[in-house]
Every structure is written in C-alpha cells, then in structure tokens.
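Subject: Handing over the structure

Hi,

Have a look at it first, and then read on for what turned up.

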Amino acid sequence: MTAGVDTTQTHDGPAAPADPARQSIVRSLLRTPRGLLTVGFLVVLFVASLLAPVVAPHDPLHQELKHALEGPSGQYWLGTDGLGRDVLSRLLYGGRSSLLGVLEGVVAHVIVAVPLGIAAGYLGGWTDRIITRVVDIVMSVPTIVILLALLTMFDRNISAAMITLGALSAAGTTRMIRAAALSVRGELFVSAAELLGLSRPQILFRHILPRCRGVIIVQVSLFAAVALGIQTGLTYLSLGPPPPAPTWGGMVADAASSVSNDPWLLVPAGGLIGITVLCFGILGDTVRDITAQSSTASAGLRAPRRRPEPATGAPEEGALLSVRELSVTFRTPSGDRDVLTSVSFDVQPGETLGLVGESGSGKTVTARAVLGLLENNGAVAHGSARFDGVDLLALPRKRWAALRGKRIALISQEPMVALDPSFTVGAQLREVVRAHDHSGRAEAHERVLELLRLVELPDPEEIVKQYPFQISGGMAQRVAIALALAGRPDLLVADEPTTALDVTVQAEILDLLRRLQQETGMAIVLVTHDWGVVADSCSRVAVMYAGQVVERADVEDVFRHPSHPYTRALMATSPEHAERGRPIAAIAGQVPAPGTWPTGCRFAARCPLMTEACRREPVAMVDLGEGRDSRCLMATSILEGTSA
Ligand SMILES: Nc1ncnc2c1ncn2[C@@H]1O[C@H](COP(=O)(O)OP(=O)(O)OP(=O)(O)O)[C@@H](O)[C@H]1O
C-alpha cells in the first residue's frame with residue numbers, strides 16, 4: 001500500500017457534477033424562457049399596480065358618459081366601460097386590491113404550512129401524527145362556505161377572507177412539505193449532521209428547509225393562482241369592496257352585464273385575470289420541473305418503533321462497544337422482514353474490528369442500527385449495543401445528542417452524499433467544530449485548518465472555500481474524515497470508506513485511517529468485503545452471512561485457520577488468494593435474501609461440508625476458546641483438520 005499522499009494532486013478522480021439543489025432556483029427559473037416570461041409578466045403587473053397612482057393615465061373613478069363603451073383608442077388604450085371610465089386605469093387600480101388579497105392569502109398559507117409541514121416531516125412521531133390528523137380534518141372542511149359566512153359576518157372584509165383562505169388551504173401544502181422534509185430527513189448528509197452532533201434547529205434551518213424550498217415555491221405559486229381565482233370570484237359576486245372602487249371581479253361583472261352591447265369590455269379584465277392565473281400556474285410547474293428530484297418525495301414505509309428487548313450476554317472485559325443479540329426487522333410492501341438476527345461482537349478501545357461478508361449479508365444494517373440511523377422502515381427488534389456501559393439502542397433521542405459526533409462518529413462509502421452540496425467545505429466543518437467546541441469564529445477556523453492538515457489535505461486555505469462538488473472523491477472522503485474527527489471520537493464507524501474511490505486513493509485513505517488511529521487511540525469498526533483491507537487494518541474480524549455473524553476471531557487466527565466453511569470460501573474468492581493464471585474463484589449460489597432463510601444453517605445450500613444435521617435446526621455460535629466463535633457444527637473438526 002502507498003504511504004502518504006501526493007500533495008500536488010488536487011483531483012484524484014472525476015469531479016462530481018453540480019448538485020441541482022445547490023443552484024439558486026430563481027437563477028434556474030430565469031434561465032428558462034417560460035420562467036423568464038412569467039416572472040417578467042408578474043413583476044411588471046405587481047409594479048404597475050403598486051404604482052397605479054403614478055402610471056394610470058386617468059382617474060379610475062372619473063366618469064365621461066359621452067365616451068361610454070368606447071373601444072381602444074389613443075386616449076383610452078383599452079377603451080371605456082358603461083360609465084365612460086378608463087378601463088386600463090381601473091385595471092391597474094383594481095390590481096392593487098386583487099394582488100394584495102393574493103399576497104395576504106399567500107403569507108397566511110406560508111406561515112401555517114411551512115412550520116407544520118417541516119415539523120411533521122422532520123420530527124416525526126407524535127408531532128407528525130397530530131399534525132397529519134389535524135390536516136386531514138381541515139381538508140374535509142368546505143372552505144368556500146366558511147369564506148361566504150365570514151364575508152357576511154365581517155361586512156365584506158376581503159382581507160379576512162383571503163387570510164382565512166390561505167390558512168385553510170395550507171393543509172394540502174403542509175402534506176407536500178411534510179413529504180419533502182421526510183425524504184430529506186432520510187438523506188445521508190442529514191444523518192451525518194445528526195451524527196456529527198449538530199442540534200435540531202441547526203439541521204432544520206441549514207439542511208432541511210433549504211431542501212424543501214422547491215416544494216414550497218411550487219405549492220405557493222399554485223395556491224396564488226387559486227387565490228386569485230377565488231378573490232376575483234368573490235368580488236364578481238359583489239362580496240368585496242363596494243362600487244365604485246375598481247376590482248377585477250367587479251369589472252368582469254360590469255362587462256358581463258353589457259356583453260351584448262360591447263363584447264370587447266370582457267377582454268381586458270377577463271384576459272388579464274386569465275393570464276395572471278396562468279402565469280402563477282406556469283411558475284409553479286417550471287419550479288417543479290427544476291426541483292423535480294427534491295419534490296418527488298415519498299413518505300416511505302415506517303416500521304413500528306418499539307423498544308428492543310434487552311439481550312443477555314455479558315460484554316467482553318474492557319470493551320468500548322459490546323453488541324449483543326442484535327436483531328433488526330424491516331417493514332416492506334410484502335410484510336415484515338428480519339434482516340439481522342442475533343448479531344454479537346465486541347470492540348476494545350483503540351482496536352479495529354472488521355465486519356466482513358458478501359453484499360447483502362447485513363454489514364451496513366448492523367453499523368446503522370448501532371448508530372441509531374436505521375431507515376424509517378427499519379426497527380431494532382431485539383438486542384443491545386453497550387457503548388462504554390450505556391445501551392445505545394435504548395437511548396432516547398436527546399441522550400444520543402451527547403454521544404453523536406463527540407464519542408461516536410461515522411464515515412460512509414459515499415463521501416459526497418454525506419456532505420451537503422449547498423455549503424462550502426469550510427462552512428460545514430466550522431459548523432460542526434463550533435457545535436462541539438463552542439468556540440468563536442476565528443478559533444473554529446483555526447481548528448478547521450488543523451483538521452484539514454490532519455487528514456493531509458493540500459492547501460487547506462483553498463479547500464475551505466470549495467463546495468463538495470468542486471473536489472474529488474478522495475478529497476471529499478478526507479473532508480468526511482475531518483468532520484468525523486472534529487468531535488475527537490472514541491469510536492469511528494467506517495462503512496466501506498474506500499469503495500467509491502479508485503485503487504491508489506483507497507490505499508491512501510486506509511493509511512490515513514491507520515495513522516489517525518495510532519495518533520488518537522480511537523477504536524474503528526470497519527465495514528468491508530475486502531480481505532486485503534482486513535489483513536492490513538484490522539485486529540479482529542466478524543464474518544457476516546445472511547444477517548448473522550458466522551465467525552468471530554483475531555485476524556491472524558482467521559487467516560491461518562478459518563473455522564467456518566463460509567469464511568474459507570470467502571477468503572478463496574479474494575483476489576490476493578487467486579493463483580496466478582487461474583480465474584478468481586466465486587462461491588457458487590447466492591446469499592439467500594431476507595425472508596427466504598432456511599431453518600437450519602443459512603449457508604447450507606452453498607456449503608461443501610453440509611450434512612442433514614445442518615438443515616435440521618438453527619445453528620448456534622460455538623465457543624472455540626481463545627476468543628474464537630463459529631456458527632458451524634463442523635467447526636472443531638475443521639480446526640483439527642479432520643474435515644476436508
Ligand atoms: N430499508 C430497507 N428495507 C428493506 N430491506 C433492507 C433495507 N435496507 C437494507 N435492507 C436489506 O438488508 C439486507 C442487508 O443489507 P446491507 O446493506 O446491510 O448489506 P451489506 O452486507 O452492507 O451489503 P453491501 O456490501 O452491498 O453494502 C439486504 O438484503 C438488504 O436488501
């Protein structure tokens with residue numbers, strides 16, 4: 001393996017493409033012709049209405065009966081109404097009350113929907129259940145009946161009606177924002193932020209809210225279109241400001257009454273209302289297209305949250321982390337699936353434990369369950385994970401905050417998804433450093449540079465200014481390691497930290513982890529399927545197969561004498577064990593998927609040593625002494641060499 005890092009290298013892999021979520025929605029909107037056209041139209045309309053006293057060519061109330069019902073002319077650009085009033089001026093003045101009504105409704109809509117939707121989606125649990133029920137009830141309320149009653153009670157107060165409309169219609173928007181927040185909550189950078197010790201308000205304002213802004217803009221635009229339609233309808237029915245005050249709805253009503261004498265009169269008011277409603281709709285659709293990825297949030301399946309049954313089994317003497325009988329269930333569309341059963345292992349301070357196994361064997365689920373980061377549809381059904389004497393699986397959320405990032409940290413396979421693309425590397429590191437050290441800006445900046453030097457990143461002053469998509473995968477993984485080290489953790493969970501990187505960078509990152517471990521004395525749980533990595537980095541290993549640990553031992557023992565046929569087969573498939581000139585062996589068959597596990601040994605169908613006894617009943621872990629365990633009936637004879 002290569003030691004050290006080429007400090008002249010700035011890119012050790014292709015840079016990731018820019019994340020659309022990072023780009024300003026407004027900028028993207030203005031780049032599309034329809035976005036530019038609709039935004040331009042609405043801005044001109046708002047400004048012209050606001051400046052009506054300055055820009056309107058006539059007094060909107062002034063009557064010139066001799067000019068009644070005239071068509072467009074040099075004097076009256078859009079003609080006159082039945083009382084000889086200038087239509088253009090009335091439209092501009094009418095726009096003030098119509099657009100003000102829309103604005104009032106939109107403000108009420110946002111004030112109600114955004115906090116409720118975000119709270120329901122991000123906080124979940126009871127908050128979500130209560131908000132969802134209230135939303136369901138409000139959605140069944142007939143809004144228009146309430147508006148009509150309100151206008152009768154409050155003497156045609158259109159502002160009260162629009163504010164009520166905004167608040168009542170917020171129910172649907174609350175649902176959409178909830179779904180978006182729920183999906184963002186499941187993203188790895190949010191888990192990583194939680195794990196790095198950031199507080200909930202910090203995560204809410206810095207990570208969740210910006211990600212939901214696309215959905216918010218879409219919903220608000222669509223609501224504005226509806227609000228304008230309703231506002232116009234109410235003024236059409238004379239439920240708004242009384243005549244002669246100009247309103248768009250009132251102008252349509254006037255035009256309708258004289259449509260047989262002058263059909264033109266319907267065109268300016270009707271056309272303007274139609275185009276404005278259309279513009280709000282197109283605006284919403286365009287923003288939806290731009291933020292398609294983030295707005296297609298789905299709530300997903302949720303597993304019942306239940307307190308895991310405590311596991312028996314004493315922790316190993318002096319262990320920093322002691323996982324016992326860990327079982328995890330996922331709720332899937334085809335029913336509940338056990339994905340882990342009775343996983344147990346120990347990690348001593350300062351040591352590296354390798355979790356090894358084929359794809360789908362349950363390594364990542366084990367790591368995430370221990371860290372309290374299971375996806376929404378997953379739940380720990382049984383077991384314990386004692387960290388320094390405290391059972392992590394039984395910890396309430398609040399007490400997790402005291403451990404996350406400070407005593408336990410995570411680095412994942414995809415460094416890019418663990419970094420929020422909306423912020424520079426420096427901003428993200430500073431935020432985490434300040435959360436841990438409670439330091440000032442300057443002090444935090446110094447610590448950030450120190451961390452970047454610690455992970456051997458060249459030119460830290462430059463890197464702090466970069467966004468994650470501007471740096472390479474290898475550099476991003478170093479930043480992720482720096483983030484993890486910010487809280488000076490005792491335990492680092494590294495989930496295949498080099499899988500997404502190219503081979504030379506993999507070696508550098510593993511060297512870096514080893515050096516950091518020697519310097520800081522932290523323990524590491526290293527998830528990998530690479531025996532080379534196990535040999536180089538781990539002191540102990542837990543081999544996983546189909547949701548179980550099938551062998552636990554010191555690394556030297558495993559390499560010298562594997563006691564489980566699966567370990568033997570897995571090692572034989574490792575490129576290091578391939579004989580020159582021969583193809584790398586593969587284990588015949590596949591890991592059985594959760595839900596299809598046999599009653600007996602789960603490896604039986606692929607095992608060369610399988611006997612009838614193996615299929616009969618579940619195989620328990622056999623203690624082979626000297627810290628070795630194996631889930632194989634033949635383990636002793638394999639070690640004694642009496643089995644082939
Ligand atoms: N959210 C989920 N819902 C349902 N099943 C899941 C979920 N997450 C993981 N699983 C299942 O759990 C099993 C173990 O997955 P896990 O990701 O832990 O495997 P792994 O050993 O880490 O594999 P890899 O090396 O490919 O990452 C797999 O069968 C997987 O399909």
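A word on classes before anything else: Ala, Val, Leu, Ile, Met, Phe, Trp, Tyr, Cys and Pro count as nonpolar, Asp, Glu, Lys and Arg as charged, and the others, Gly among them, as polar. Please also keep in mind that this is a predicted model.

Let's begin with the ligand. By those classes, the shell around the ligand has ten polar residues, five nonpolar and two charged. Of the 17 residues around the ligand, the ones that come nearest are Phe330, Ser359, Lys363, Thr364 and Val365. Two elements give two or more residues to this shell: strand 1 (321-332) and helix 14 (363-370). Helix 14 gives the most, with three residues.

An unreviewed UniProt entry places the feature "transmembrane region" at residues 36-56, 99-123, 130-152, 158-177, 215-239 and 264-283. Over residues 99-123 the chain is 100% helix and 0% strand, with the end C-alpha atoms 35 Å apart. Over residues 264-283 the chain is 90% helix, again with 0% strand, and here the end C-alpha atoms are 28 Å apart.

Then there are two helix pairs to look at. Two packed helices are described by the angle between their axes and the distance between the axes.

How do helix 8 and helix 10 cross? The axes of helix 8 (residues 170-185) and helix 10 (residues 200-236) come within 9 Å, crossing at roughly 160°. Angles over 145 degrees count as roughly antiparallel, so helix 8 is roughly antiparallel to helix 10. Their crossing is right-handed. On the helix 8 side the contact is made by Thr173, Met176, Ile177, Ala180, Ala181, Val184 and Arg185, and on the helix 10 side by Ile208, Arg211, Cys212, Val215, Ile216, Gln219 and Phe223. Ten residues of this contact are nonpolar, two are polar and two are charged.

The other pair is helix 17 (residues 425-437) and helix 20 (residues 473-485), whose axes are 9 Å apart at an angle of about 15°. That angle makes helix 17 roughly parallel to helix 20. Helix 17 passes helix 20 in a right-handed crossing. Here Val425, Gln428, Leu429 and Val432 of helix 17 meet Val479, Ala482 and Leu483 of helix 20. This contact has six nonpolar residues, one polar and no charged.

Conventions
Residues numbered from 1 in each chain as written. Predicted model: local features only at pLDDT ≥ 70, side-chain atom pairs only at ≥ 80, totals over all residues. Axes fitted to C-alpha atoms, helices over the stretch in contact; angles between N-to-C directions. Helix = DSSP H or I, 4+ residues; strand = E, 2+ residues; numbered from the N terminus. Parallel < 35°, antiparallel > 145°, perpendicular 65-115°, else oblique. Left-handed = near helix turned anticlockwise from the far one by under 90°. Contact = placed C-beta atoms within 7 Å. Near = placed C-beta within 6 Å. UniProt positions renumbered as here; feature names shortened; annotations may be inferred.
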